[in-house]
Amino acid sequence: QVQLVESGGGLVQPGGSLRLSCAASGSIFNINTMGWYRQAPGKQRELVAAITSGGSTRYADSVKGRFSISRDNAKITVYLQMNSLKPEDSAVYYCNLKYAGADYWGKGTLVTVSS
């Protein structure tokens, strides 16, 4: 089994920053494609950022220039640095791992951007 645990969410003012972390554990021997999705009330879950095993990154247009995804292969951990946060960024953020032909998800961490 594979387990993903997110952390780092919270309340932040517009223009502020947060750093999310996702640690993977279980039957994983090397890092594969990992990413972050988010879901706001009444909306579909959407891809925010992803990073492949080769280090290539992809971002949603709405977060380009503000968010940055990175990883630590030794710890099988992925991070999401979020800067210049806007109220529309408020959502539950979910960590995702694509491994051995399957998708694994964390329970999510809540990010609220409000003054």
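Are cysteine 22 and cysteine 95 buried or exposed? Cysteine 22 is buried, and cysteine 95 is too; buried means under 20% relative accessible area, exposed over 50%, and partly exposed in between (1.4 Å probe, protein chains only). This is a predicted model, in which local features need pLDDT of at least 70 and side-chain atom pairs count only at pLDDT 80 or more, while totals for chains, interfaces and linings use all residues. Residues are numbered from 1 along each chain as its sequence is written, and side-chain values use heavy atoms, leaving out hydrogens and water.

**Disulfide**

- The whole structure holds 1 disulfide, defined as a pair of cysteine sulfur atoms within 2.5 Å.
- Cysteine 22 and cysteine 95 form this bond, with S to S at 2.0 Å.
- Cysteine 22 sits in strand S3 (residues 18-26) and cysteine 95 in strand S9 (residues 91-99), so the bond ties together parts 73 residues apart in sequence.
- Strands (E, at least two residues) are DSSP runs, numbered from the N terminus.
- The S-S torsion is about -85 degrees, so the disulfide is left-handed.

**Salt bridges**

- The count is 5 salt bridges, each a side-chain nitrogen of Lys or Arg within 4 Å of a carboxyl oxygen of Asp or Glu.
- Arginine 38 pairs with glutamate 46, with closest N and O atoms 2.8 Å apart.
- Arginine 38 is buried at 6% relative accessibility, whereas glutamate 46 is partly exposed at 35%.
- Arginine 38 also pairs with aspartate 89, at 3.0 Å between closest N and O atoms.
- Aspartate 89 is buried at 0% relative accessibility.
- Aspartate 61 and lysine 64 form a salt bridge at 3.1 Å, N to O.
- Shared partners link Arg38, Glu46, Arg66 and Asp89 into one salt-bridge network.

Note on methods: Helices (H or I, at least four residues) and strands (E, at least two) are DSSP runs, numbered from the N terminus.
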